[in-house]
Amino acid sequence: MDALGVYVLTFNCARNFVDVDAFANHFFDALPASGAGSSAPDLIFLSLQEIAPIAYSFLGGSYLLPYFDAFRRVVQKASAQKWGQHYVNFLSDNTGMTGLMLFARDDTLGKIAWRDTAHVGLGVQEMGNKGAVGARLGYVVEGYPSKTVDLTFVAAHLAPMEDSYEQRNMDWKSIVERLVFTHDINRPAERSSMDENTSLLEDAASAHAEGSRRDLFAPNAYLFLAGDLNYRTSNIGPSTQEIEQFPRRNVDLDNPSHYSHLLKNDQLVREMSYGRTFHSLSEAPIDFPPTYKYSDAAREAVRLGLNTDDHEWKWSNHRWPSWCDRVLFLDEPSAGEAGKVKPLAYNALPLFAQSDHRPVALVASVPLRRSDTSSNAENIRSVAPFSIDPSWKSKRDMARRKELVVGAVAYLGLTREGNGLLFASLLGIIGAWFILRSMLEV
(Lines give C-alpha, C1' and ligand atoms only; values in the text may rest on other atoms or scores of the structure.)
Protein backbone atom coordinates (compact mmCIF):
# COMPACT_ATOMS: atom_id res chain seq x y z
CA MET A 1 0.00 0.00 0.00
CA ASP A 2 1.58 3.28 -1.14
CA ALA A 3 -1.13 5.64 0.18
CA LEU A 4 -3.20 6.07 3.30
CA GLY A 5 -6.93 6.58 2.89
CA VAL A 6 -8.36 9.22 5.24
CA TYR A 7 -12.01 10.16 5.78
CA VAL A 8 -12.46 13.49 7.59
CA LEU A 9 -15.91 14.58 8.77
CA THR A 10 -16.89 17.72 10.65
CA PHE A 11 -20.27 18.29 12.30
CA ASN A 12 -21.73 20.89 14.65
CA CYS A 13 -23.94 18.75 16.90
CA ALA A 14 -25.85 21.74 18.36
CA ARG A 15 -25.47 20.19 21.85
CA ASN A 16 -27.81 17.33 20.88
CA PHE A 17 -27.38 13.57 20.76
CA VAL A 18 -26.82 12.36 17.24
CA ASP A 19 -29.53 10.19 15.66
CA VAL A 20 -27.39 7.06 15.28
CA ASP A 21 -29.48 5.28 12.65
CA ALA A 22 -30.08 8.31 10.45
CA PHE A 23 -26.47 9.48 10.62
CA ALA A 24 -25.08 6.01 9.96
CA ASN A 25 -27.21 5.66 6.85
CA HIS A 26 -25.53 8.72 5.33
CA PHE A 27 -22.16 8.74 7.09
CA PHE A 28 -20.17 7.72 4.00
CA ASP A 29 -22.23 9.67 1.46
CA ALA A 30 -19.18 11.76 0.52
CA LEU A 31 -17.27 8.71 -0.75
CA PRO A 32 -17.01 8.34 -4.53
CA ALA A 33 -19.32 5.65 -5.93
CA SER A 34 -16.37 3.81 -7.48
CA GLY A 35 -12.67 4.10 -8.16
CA ALA A 36 -10.13 5.86 -5.98
CA GLY A 37 -11.47 6.68 -2.54
CA SER A 38 -14.48 4.37 -2.69
CA SER A 39 -12.96 1.65 -0.51
CA ALA A 40 -12.90 1.55 3.28
CA PRO A 41 -10.55 4.31 4.53
CA ASP A 42 -7.62 3.43 6.77
CA LEU A 43 -8.33 6.26 9.22
CA ILE A 44 -11.49 8.19 10.10
CA PHE A 45 -11.24 11.59 11.79
CA LEU A 46 -14.32 13.20 13.35
CA SER A 47 -14.36 16.88 14.32
CA LEU A 48 -17.36 17.57 16.55
CA GLN A 49 -18.43 21.02 17.71
CA GLU A 50 -20.99 21.73 20.44
CA ILE A 51 -20.82 18.03 21.12
CA ALA A 52 -22.83 18.31 24.36
CA PRO A 53 -24.38 20.92 26.68
CA ILE A 54 -21.85 23.14 28.41
CA ALA A 55 -22.11 21.37 31.80
CA TYR A 56 -21.15 17.96 30.40
CA SER A 57 -18.59 19.38 27.98
CA PHE A 58 -16.76 21.42 30.60
CA LEU A 59 -16.77 18.66 33.21
CA GLY A 60 -15.68 16.12 30.59
CA GLY A 61 -14.76 12.54 31.42
CA SER A 62 -17.72 10.25 32.06
CA TYR A 63 -20.16 13.10 31.41
CA LEU A 64 -19.16 13.08 27.74
CA LEU A 65 -19.03 9.31 27.29
CA PRO A 66 -22.64 8.92 26.07
CA TYR A 67 -22.04 11.54 23.36
CA PHE A 68 -18.82 9.92 22.17
CA ASP A 69 -20.44 6.48 22.37
CA ALA A 70 -23.22 7.59 20.03
CA PHE A 71 -20.67 8.44 17.34
CA ARG A 72 -18.84 5.17 17.93
CA ARG A 73 -22.10 3.39 17.15
CA VAL A 74 -22.53 5.55 14.05
CA VAL A 75 -19.13 4.56 12.67
CA GLN A 76 -19.53 0.88 13.51
CA LYS A 77 -23.00 0.67 11.96
CA ALA A 78 -22.05 2.64 8.85
CA SER A 79 -18.85 0.66 8.17
CA ALA A 80 -20.56 -2.67 8.82
CA GLN A 81 -23.39 -1.80 6.44
CA LYS A 82 -21.09 -0.63 3.66
CA TRP A 83 -18.15 -3.04 3.79
CA GLY A 84 -18.56 -5.39 6.75
CA GLN A 85 -15.53 -3.66 8.27
CA HIS A 86 -14.77 -2.91 11.91
CA TYR A 87 -13.12 0.28 13.13
CA VAL A 88 -11.48 0.89 16.48
CA ASN A 89 -11.87 4.26 18.18
CA PHE A 90 -8.32 4.55 19.48
CA LEU A 91 -8.51 8.20 20.57
CA SER A 92 -11.29 10.50 21.79
CA ASP A 93 -10.59 13.87 23.37
CA ASN A 94 -12.08 17.31 23.79
CA THR A 95 -11.41 20.92 24.62
CA GLY A 96 -14.64 22.00 26.24
CA MET A 97 -17.42 21.72 23.68
CA THR A 98 -15.15 20.72 20.78
CA GLY A 99 -14.49 17.00 20.40
CA LEU A 100 -12.11 14.89 18.33
CA MET A 101 -12.38 11.19 17.53
CA LEU A 102 -9.96 9.02 15.58
CA PHE A 103 -10.79 5.55 14.24
CA ALA A 104 -8.52 3.00 12.61
CA ARG A 105 -9.53 -0.01 10.56
CA ASP A 106 -8.76 -3.29 12.34
CA ASP A 107 -5.87 -4.15 10.04
CA THR A 108 -4.26 -0.69 10.33
CA LEU A 109 -4.52 -0.11 14.08
CA GLY A 110 -1.23 -1.88 14.80
CA LYS A 111 0.65 0.51 12.52
CA ILE A 112 0.07 3.48 14.80
CA ALA A 113 3.40 3.78 16.60
CA TRP A 114 2.65 6.73 18.86
CA ARG A 115 0.03 9.39 19.49
CA ASP A 116 -0.27 12.70 21.29
CA THR A 117 -2.87 15.37 22.05
CA ALA A 118 -3.02 19.13 22.61
CA HIS A 119 -5.68 21.65 23.63
CA VAL A 120 -6.46 25.35 23.39
CA GLY A 121 -9.53 27.31 24.50
CA LEU A 122 -10.71 30.19 22.32
CA GLY A 123 -13.87 31.24 24.13
CA VAL A 124 -14.68 33.46 27.10
CA GLN A 125 -11.61 33.81 29.34
CA GLU A 126 -9.87 31.33 26.97
CA MET A 127 -12.29 28.59 28.02
CA GLY A 128 -13.58 25.88 25.72
CA ASN A 129 -17.00 27.14 24.67
CA LYS A 130 -14.97 27.74 21.50
CA GLY A 131 -11.63 26.06 21.00
CA ALA A 132 -9.49 23.42 19.32
CA VAL A 133 -8.27 19.96 20.21
CA GLY A 134 -5.45 18.31 18.29
CA ALA A 135 -4.08 14.80 17.87
CA ARG A 136 -0.77 13.81 16.30
CA LEU A 137 0.22 10.27 15.44
CA GLY A 138 2.97 8.31 13.75
CA TYR A 139 1.90 5.72 11.17
CA VAL A 140 4.52 3.04 10.50
CA VAL A 141 5.55 2.63 6.87
CA GLU A 142 5.49 -0.98 5.78
CA GLY A 143 9.02 -2.32 5.46
CA TYR A 144 10.46 0.47 7.61
CA PRO A 145 9.40 -0.28 11.22
CA SER A 146 11.50 2.56 12.63
CA LYS A 147 10.05 5.17 10.25
CA THR A 148 6.63 6.79 10.32
CA VAL A 149 4.36 9.00 8.29
CA ASP A 150 3.31 11.64 10.79
CA LEU A 151 -0.17 13.13 10.74
CA THR A 152 -1.77 15.94 12.75
CA PHE A 153 -5.54 16.23 13.13
CA VAL A 154 -7.19 19.35 14.58
CA ALA A 155 -10.86 19.85 15.43
CA ALA A 156 -11.75 23.52 15.79
CA HIS A 157 -14.64 25.86 16.52
CA LEU A 158 -14.02 29.57 15.96
CA ALA A 159 -15.85 32.79 16.85
CA PRO A 160 -19.41 33.23 15.45
CA MET A 161 -21.31 36.12 13.77
CA GLU A 162 -20.83 37.77 10.38
CA ASP A 163 -18.77 40.72 11.59
CA SER A 164 -16.28 38.66 13.65
CA TYR A 165 -13.97 37.54 10.84
CA GLU A 166 -11.03 39.38 12.40
CA GLN A 167 -11.63 37.51 15.67
CA ARG A 168 -11.65 34.26 13.70
CA ASN A 169 -8.29 35.22 12.26
CA MET A 170 -7.07 35.82 15.81
CA ASP A 171 -8.45 32.42 16.84
CA TRP A 172 -6.27 30.82 14.17
CA LYS A 173 -3.29 32.75 15.55
CA SER A 174 -4.09 31.44 19.05
CA ILE A 175 -4.26 27.87 17.71
CA VAL A 176 -0.80 28.18 16.17
CA GLU A 177 0.63 29.81 19.31
CA ARG A 178 -0.97 27.63 21.98
CA LEU A 179 -1.87 24.23 20.51
CA VAL A 180 1.36 22.51 21.57
CA PHE A 181 2.14 18.79 21.46
CA THR A 182 4.47 16.85 23.75
CA HIS A 183 5.82 14.19 21.42
CA ASP A 184 8.98 15.31 19.65
CA ILE A 185 8.86 13.71 16.20
CA ASN A 186 12.58 14.42 15.76
CA ARG A 187 13.32 11.79 18.42
CA PRO A 188 12.75 8.03 18.40
CA ALA A 189 9.07 7.13 18.41
CA GLU A 190 7.41 6.44 21.72
CA ARG A 191 3.78 5.84 22.56
CA SER A 192 2.22 8.88 24.22
CA SER A 193 -1.34 9.58 25.35
CA MET A 194 -2.44 12.60 27.38
CA ASP A 195 -5.75 13.70 28.80
CA GLU A 196 -7.05 17.20 29.41
CA ASN A 197 -5.71 17.37 32.96
CA THR A 198 -2.21 16.03 32.20
CA SER A 199 0.73 18.39 32.10
CA LEU A 200 1.62 18.79 28.43
CA LEU A 201 5.22 19.93 28.86
CA GLU A 202 7.54 19.93 31.83
CA ASP A 203 8.97 23.19 30.62
CA ALA A 204 7.17 25.42 28.09
CA ALA A 205 10.48 26.81 26.94
CA SER A 206 11.51 23.36 25.71
CA ALA A 207 9.02 23.83 22.87
CA HIS A 208 11.49 26.33 21.43
CA ALA A 209 14.48 24.04 21.69
CA GLU A 210 16.44 23.37 18.51
CA GLY A 211 15.00 20.40 16.62
CA SER A 212 11.91 20.29 18.83
CA ARG A 213 8.98 21.39 16.69
CA ARG A 214 5.82 20.65 18.59
CA ASP A 215 3.50 23.15 16.96
CA LEU A 216 1.15 22.56 14.03
CA PHE A 217 3.94 23.03 11.50
CA ALA A 218 6.13 20.17 12.64
CA PRO A 219 8.61 18.76 10.11
CA ASN A 220 7.54 15.89 7.86
CA ALA A 221 3.97 15.98 9.19
CA TYR A 222 0.69 16.21 7.32
CA LEU A 223 -2.08 18.32 8.82
CA PHE A 224 -5.87 18.05 8.56
CA LEU A 225 -7.88 20.82 10.23
CA ALA A 226 -11.66 20.50 10.29
CA GLY A 227 -14.46 22.26 12.09
CA ASP A 228 -17.06 24.97 12.30
CA LEU A 229 -14.68 27.73 11.28
CA ASN A 230 -17.65 30.13 11.16
CA TYR A 231 -16.46 32.27 8.23
CA ARG A 232 -19.52 33.79 6.57
CA THR A 233 -20.51 35.21 3.18
CA SER A 234 -21.03 38.78 4.40
CA ASN A 235 -19.59 41.09 7.04
CA ILE A 236 -23.07 42.12 8.20
CA GLY A 237 -26.39 40.33 8.63
CA PRO A 238 -28.91 40.18 5.76
CA SER A 239 -31.55 42.83 5.20
CA THR A 240 -35.15 42.00 4.36
CA GLN A 241 -34.48 42.69 0.68
CA GLU A 242 -31.33 40.56 0.62
CA ILE A 243 -33.22 37.51 1.85
CA GLU A 244 -34.59 37.26 -1.69
CA GLN A 245 -31.01 36.64 -2.89
CA PHE A 246 -30.55 33.53 -0.75
CA PRO A 247 -29.58 30.41 -2.74
CA ARG A 248 -32.36 28.37 -4.33
CA ARG A 249 -32.35 24.89 -5.76
CA ASN A 250 -32.77 24.01 -9.42
CA VAL A 251 -31.60 27.35 -10.81
CA ASP A 252 -29.15 27.86 -13.67
CA LEU A 253 -25.52 28.69 -12.99
CA ASP A 254 -25.96 32.24 -14.29
CA ASN A 255 -28.96 32.87 -12.02
CA PRO A 256 -28.08 35.29 -9.16
CA SER A 257 -29.70 32.81 -6.75
CA HIS A 258 -27.28 30.03 -7.66
CA TYR A 259 -25.09 29.34 -4.62
CA SER A 260 -21.87 29.78 -6.62
CA HIS A 261 -22.45 33.54 -6.68
CA LEU A 262 -22.67 33.64 -2.89
CA LEU A 263 -19.47 31.61 -2.62
CA LYS A 264 -17.57 34.48 -4.26
CA ASN A 265 -18.16 36.45 -1.03
CA ASP A 266 -16.79 33.75 1.26
CA GLN A 267 -14.74 35.34 4.06
CA LEU A 268 -12.42 32.36 4.48
CA VAL A 269 -11.33 32.35 0.83
CA ARG A 270 -10.84 36.13 1.03
CA GLU A 271 -8.86 36.11 4.27
CA MET A 272 -6.66 33.20 3.14
CA SER A 273 -5.93 34.93 -0.17
CA TYR A 274 -4.77 38.01 1.78
CA GLY A 275 -2.52 35.86 3.97
CA ARG A 276 -4.46 36.72 7.13
CA THR A 277 -5.49 33.24 8.26
CA PHE A 278 -4.79 29.51 7.84
CA HIS A 279 -1.42 30.23 6.30
CA SER A 280 -0.16 27.59 3.82
CA LEU A 281 -3.25 25.40 4.20
CA SER A 282 -5.34 24.28 1.22
CA GLU A 283 -8.94 23.33 0.58
CA ALA A 284 -10.53 21.18 -2.12
CA PRO A 285 -12.94 22.99 -4.46
CA ILE A 286 -16.41 23.55 -3.00
CA ASP A 287 -19.23 22.23 -5.16
CA PHE A 288 -22.08 22.03 -2.65
CA PRO A 289 -24.58 24.52 -1.20
CA PRO A 290 -23.99 26.43 2.05
CA THR A 291 -23.95 24.25 5.16
CA TYR A 292 -25.40 26.86 7.57
CA LYS A 293 -27.85 28.21 8.77
CA TYR A 294 -30.92 26.05 8.17
CA SER A 295 -34.31 27.13 9.48
CA ASP A 296 -36.43 25.38 12.07
CA ALA A 297 -38.86 24.54 9.26
CA ALA A 298 -36.10 22.70 7.40
CA ARG A 299 -35.18 20.68 10.46
CA GLU A 300 -38.82 19.89 11.16
CA ALA A 301 -39.21 18.61 7.60
CA VAL A 302 -36.30 16.25 8.19
CA ARG A 303 -37.74 15.11 11.50
CA LEU A 304 -41.04 14.30 9.83
CA GLY A 305 -39.26 12.39 7.09
CA LEU A 306 -40.70 14.39 4.22
CA ASN A 307 -39.53 12.94 0.94
CA THR A 308 -38.19 16.13 -0.63
CA ASP A 309 -34.91 18.01 -1.05
CA ASP A 310 -36.62 21.36 -0.62
CA HIS A 311 -35.84 21.49 3.12
CA GLU A 312 -32.14 21.80 2.28
CA TRP A 313 -32.86 25.19 0.75
CA LYS A 314 -34.79 26.68 3.66
CA TRP A 315 -32.58 29.24 5.40
CA SER A 316 -32.93 31.24 8.60
CA ASN A 317 -33.74 34.83 7.74
CA HIS A 318 -31.33 36.44 10.23
CA ARG A 319 -28.10 34.79 8.98
CA TRP A 320 -26.45 34.70 5.58
CA PRO A 321 -26.26 31.14 4.25
CA SER A 322 -22.58 30.29 4.58
CA TRP A 323 -19.98 27.57 4.30
CA CYS A 324 -19.12 27.53 8.01
CA ASP A 325 -18.09 23.87 8.06
CA ARG A 326 -14.76 23.27 6.35
CA VAL A 327 -11.87 20.83 6.02
CA LEU A 328 -8.39 22.20 5.30
CA PHE A 329 -5.10 20.35 4.86
CA LEU A 330 -1.35 20.91 4.74
CA ASP A 331 1.04 18.80 2.70
CA GLU A 332 4.23 17.21 3.97
CA PRO A 333 6.92 19.82 3.19
CA SER A 334 10.04 18.02 2.03
CA ALA A 335 8.72 15.70 -0.66
CA GLY A 336 7.56 18.06 -3.41
CA GLU A 337 4.76 16.76 -5.61
CA ALA A 338 5.27 13.22 -4.31
CA GLY A 339 4.24 14.29 -0.83
CA LYS A 340 1.02 16.10 -1.67
CA VAL A 341 -2.33 15.18 -0.17
CA LYS A 342 -4.71 14.10 -2.93
CA PRO A 343 -8.35 15.14 -2.31
CA LEU A 344 -10.67 12.54 -3.84
CA ALA A 345 -14.03 13.98 -2.79
CA TYR A 346 -15.32 16.95 -0.80
CA ASN A 347 -19.02 17.18 -0.10
CA ALA A 348 -21.77 17.91 2.41
CA LEU A 349 -23.95 15.23 3.94
CA PRO A 350 -27.72 15.71 4.20
CA LEU A 351 -29.31 17.91 6.82
CA PHE A 352 -30.20 16.18 10.10
CA ALA A 353 -32.96 17.30 12.43
CA GLN A 354 -30.62 17.73 15.40
CA SER A 355 -28.58 20.62 13.95
CA ASP A 356 -28.83 23.74 11.79
CA HIS A 357 -25.53 22.72 10.12
CA ARG A 358 -24.94 20.06 7.50
CA PRO A 359 -21.91 17.81 8.09
CA VAL A 360 -19.03 18.13 5.63
CA ALA A 361 -16.60 15.38 4.68
CA LEU A 362 -13.29 15.16 2.82
CA VAL A 363 -11.99 11.94 1.28
CA ALA A 364 -8.23 12.12 0.81
CA SER A 365 -5.22 10.01 -0.04
CA VAL A 366 -1.97 10.58 1.87
CA PRO A 367 1.30 9.31 0.33
CA LEU A 368 3.01 6.69 2.50
CA ARG A 369 6.52 7.99 2.27
CA ARG A 370 8.90 7.08 5.05
CA SER A 371 9.66 10.12 7.16
CA ASP A 372 13.33 10.49 8.05
CA THR A 373 13.11 12.48 11.27
CA SER A 374 16.88 12.81 11.47
CA SER A 375 17.07 14.63 8.13
CA ASN A 376 18.90 17.93 7.82
CA ALA A 377 17.52 21.37 8.50
CA GLU A 378 16.27 21.96 4.97
CA ASN A 379 13.49 19.45 5.67
CA ILE A 380 12.28 21.39 8.69
CA ARG A 381 9.03 23.19 7.95
CA SER A 382 9.61 26.92 8.06
CA VAL A 383 6.11 28.17 7.27
CA ALA A 384 4.80 28.61 10.84
CA PRO A 385 3.30 32.12 10.78
CA PHE A 386 3.50 32.63 14.57
CA SER A 387 5.79 31.48 17.36
CA ILE A 388 4.67 29.35 20.29
CA ASP A 389 3.38 31.44 23.18
CA PRO A 390 5.78 30.80 26.12
CA SER A 391 2.87 31.02 28.56
CA TRP A 392 0.58 28.66 26.64
CA LYS A 393 0.61 26.01 29.34
CA SER A 394 -0.26 28.30 32.25
CA LYS A 395 -3.05 29.88 30.19
CA ARG A 396 -4.56 26.49 29.41
CA ASP A 397 -4.25 25.29 33.01
CA MET A 398 -5.99 28.42 34.28
CA ALA A 399 -8.74 28.14 31.68
CA ARG A 400 -9.26 24.48 32.56
CA ARG A 401 -9.82 25.37 36.22
CA LYS A 402 -12.40 27.96 35.17
CA GLU A 403 -14.11 25.35 32.96
CA LEU A 404 -14.49 23.00 35.91
CA VAL A 405 -16.09 25.74 38.01
CA VAL A 406 -18.43 26.84 35.22
CA GLY A 407 -19.22 23.23 34.39
CA ALA A 408 -20.12 22.43 38.01
CA VAL A 409 -22.37 25.49 38.32
CA ALA A 410 -24.04 24.71 34.99
CA TYR A 411 -24.50 21.08 36.05
CA LEU A 412 -26.24 22.06 39.27
CA GLY A 413 -28.35 24.78 37.70
CA LEU A 414 -29.10 23.54 34.18
CA THR A 415 -29.38 19.74 34.30
CA ARG A 416 -31.98 17.43 35.81
CA GLU A 417 -29.32 15.44 37.62
CA GLY A 418 -27.78 18.60 39.05
CA ASN A 419 -31.18 19.98 40.07
CA GLY A 420 -31.91 16.70 41.84
CA LEU A 421 -28.57 16.77 43.63
CA LEU A 422 -29.11 20.39 44.65
CA PHE A 423 -32.62 19.62 45.89
CA ALA A 424 -31.45 16.56 47.85
CA SER A 425 -28.64 18.61 49.39
CA LEU A 426 -31.10 21.33 50.37
CA LEU A 427 -33.41 18.78 51.98
CA GLY A 428 -30.44 17.32 53.83
CA ILE A 429 -29.44 20.73 55.17
CA ILE A 430 -33.00 21.50 56.28
CA GLY A 431 -33.31 18.06 57.91
CA ALA A 432 -30.00 18.49 59.71
CA TRP A 433 -31.11 21.91 60.97
CA PHE A 434 -34.37 20.48 62.45
CA ILE A 435 -32.47 17.62 64.09
CA LEU A 436 -29.92 20.00 65.56
CA ARG A 437 -32.68 22.33 66.77
CA SER A 438 -34.59 19.48 68.46
CA MET A 439 -31.38 18.33 70.17
CA LEU A 440 -30.68 21.82 71.48
CA GLU A 441 -34.22 22.15 72.86
CA VAL A 442 -33.94 18.96 74.91
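The following legends describe close-up views of a predicted model.

In this predicted model, local features need pLDDT of at least 70 and side-chain atom pairs count only at pLDDT 80 or more, whereas totals for chains, interfaces and linings use all residues. Residues are numbered from 1 along each chain as its sequence is written, and side-chain values use heavy atoms, with hydrogens and water left out.

**Figure 1. Aromatic pair of Phe 45 and Phe 153.** The whole structure contains 25 aromatic pairs. Rings of Phe, Tyr and Trp (its six-membered ring) pair if their centres lie within 6.5 Å; planes under 30 degrees apart count as stacked, over 60 as edge-to-face and the rest as tilted. The ring centres of Phe 45 and Phe 153 are 5.1 Å apart and the planes stand at 55°, so this pair is tilted. Phe 45 belongs to strand β2 (residues 43-49) and Phe 153 to strand β7 (residues 144-157), so that the pair links distant parts of the chain, 108 residues apart. Helices (H or I, at least four residues) and strands (E, at least two) are DSSP runs, numbered from the N terminus. Both Phe 45 and Phe 153 are buried; buried means under 20% relative accessible area, exposed over 50%, and partly exposed in between (1.4 Å probe, protein chains only).

**Figure 2. Aromatic pair of Tyr 56 and Tyr 411, with helix α8.** The two rings are arranged edge-to-face, 6.5 Å centre to centre and with 65° between the planes. Because Tyr 56 lies in helix α2 (residues 54-59) and Tyr 411 in helix α8 (residues 392-414), the pair ties together parts that are 355 residues apart in sequence. Tyr 56 is buried at 12% relative accessibility, and Tyr 411 is buried at 14%. Helix α8 has 23 residues and reaches 31 Å from its first C-alpha to its last, close to the 33 Å expected at 1.5 Å a residue; the expected span is 1.5 Å times one less than the number of residues. The buried residues of α8 include Trp 392, Arg 396, Arg 400, Glu 403 and Tyr 411.

**Figure 3. Nonpolar cores around Leu 100 and Tyr 411.** A nonpolar core is a set of buried Ala, Val, Leu, Ile, Met, Phe, Trp, Tyr and Cys residues joined through side-chain atoms within 4.5 Å. Of the 47 residues in the largest nonpolar core, Leu 100, Leu 102, Leu 151, Phe 153, Phe 224 and Leu 362 touch the most other members. Strand β6 (residues 131-141) supplies the largest share of this core, 5 residues. Not counting residues up to four places away in sequence, the contacts of Leu 100 include Phe 45, Phe 68, Val 133 and Phe 153, where contact means heavy atoms within 4.5 Å.

**Figure 4. Helix α4 and two arginine charges over tyrosine rings.** Helix α4 (residues 165-178) has 14 residues, which should span 20 Å at 1.5 Å a residue; the end C-alpha atoms are 20 Å apart, in agreement. Because 10 of the 14 residues are buried, α4 is largely enclosed by the rest of the structure. Among these buried residues are Tyr 165, Arg 168, Asp 171 and Trp 172. The charged end of Arg 168 sits over the ring of Tyr 231, 5.3 Å from the ring centre, and that of Arg 270 sits over the ring of Tyr 165, 4.7 Å from the ring centre. A charge sits over a ring if NZ of Lys or CZ of Arg is within 6 Å of the ring centre and within 35 degrees of the ring normal.

**Figure 5. The loop between α6 and α7.** Phe 288 lies in the loop between α6 (267-273) and α7 (296-303) and is buried, with a relative accessible area of 1%. The C-alpha atoms of Phe 288 and Asn 347 are separated by 6.3 Å, although the residues are 59 apart along the chain. Phe 288 also touches residues including Tyr 259, Trp 323 and Val 360. Lys 293 has its place in this loop too, and the peptide bond from Tyr 292 to Lys 293 is cis, with omega near 0°.

**Figure 6. Positive phi at Arg 15 and Met 161.** Most residues other than glycine have a negative phi. Phi of Arg 15 is near 65°; Arg 15 lies in the loop between β1 (3-12) and α1 (20-26) and is partly exposed at 40% relative accessibility. Phi of Met 161 is near 80°; Met 161 lies in the loop between β7 and α4 and is partly exposed at 34%.
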